[in-house]
Amino acid sequence: MDALLHSGIHWSLINFSIFVSLLFFFLKKPVKEFWESRAGRIRFEIEEGEKIGREAKSRHENLRKAMSRLEAESRDLVLSLEREGELEKKQLMEEGKKRSDRLKEDGLRILDQEARKARESLKGQVASLALETAERMVRENLKAEDQKRLSDDYMAGLERQSL
């Protein structure tokens, strides 16, 4: 444990912990707001898809009511209108389902893309901040005797290579 304290690694761990805490503190609200916004948009798109489905059902119901008033007319006309109504119902339901599915897929795809973008952005920011922190730590912790030793080691290496 003493060797760990004397090596200075504990400062790196403390600095890293502080860095992660600050990063979490400052990014928590924007990331939360971003995801809440995306969830709201997706929720809105899903509700719109459901609304289209309800409108299709309502329209179908209106057609059924109109056909019930026309029962007094010939059976051929009633059967023809029923077939048309059923076909339109099926098409409207399929169209509504397709639109709803498409909106859901688009929303999920956009959500996935935005999540990937956010992850990449965060990775870049974390890497940049880690590099800055490491540079600062080297500058702060590098003493004159360390610089002299590194310089002497470098010169000795050059002399060995020239031989």
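Asp106 comes out as partly exposed, with 26% relative accessible area; buried would mean under 20% and exposed over 50%, with partly exposed in between (1.4 Å probe, protein chains only). This is a predicted model, where local features need pLDDT of at least 70 and side-chain atom pairs count only at pLDDT 80 or more, while totals for chains, interfaces and linings use all residues. Residues are numbered from 1 along each chain as its sequence is written, and side-chain values use heavy atoms, leaving out hydrogens and water.

What does Asp106 form a salt bridge with? The partner is Arg109, and the closest N and O atoms sit 2.3 Å apart. A salt bridge here is a side-chain nitrogen of Lys or Arg within 4 Å of a carboxyl oxygen of Asp or Glu. Asp106 and Arg109 are three residues apart in helix α3, so about one helical turn separates them. Arg109 is partly exposed too, at 44% relative accessibility.

Asp112 and Arg116 make another such pair, with 2.2 Å between the closest N and O atoms. These two are four residues apart in helix α3, which again means a separation of about one helical turn. Asp112 counts as partly exposed at 34% relative accessibility, and Arg116 does as well, at 43%. Then there is Lys123, whose side chain meets that of Glu120 in a salt bridge (3.8 Å, N to O). Both lie in helix α3, three residues or about one turn apart. Lys123 is exposed, with a relative accessible area of 52%. Across the whole structure, a search turns up 10 salt bridges.

Further along helix α3, which covers residues 75–141, comes Thr133. Is Thr133 buried or exposed? At 15% relative accessibility, Thr133 counts as buried. A polar atom of the Thr133 side chain lies 2.8 Å from the backbone oxygen of Leu129.

Now for the protein as a whole. It has four helices and zero strands, in the order α-α-α-α from the N terminus on. Helices (H or I, at least four residues) and strands (E, at least two) are DSSP runs, numbered from the N terminus. Of the 163 residues, 12% count as buried. The accessible surface is about 13400 Å², with 58% of it belonging to carbon and sulfur atoms; such areas come from the Shrake-Rupley method with a 1.4 Å probe, and for residues only the protein chains shown count as cover. Among contacts (heavy atoms within 4.5 Å) between residues at least 6 apart in sequence, 79% join residues at least 24 apart.

Note on methods: Polar contact = N/O pair within 3.5 Å; in protein donor to acceptor, adjacent residues only side chain to side chain.
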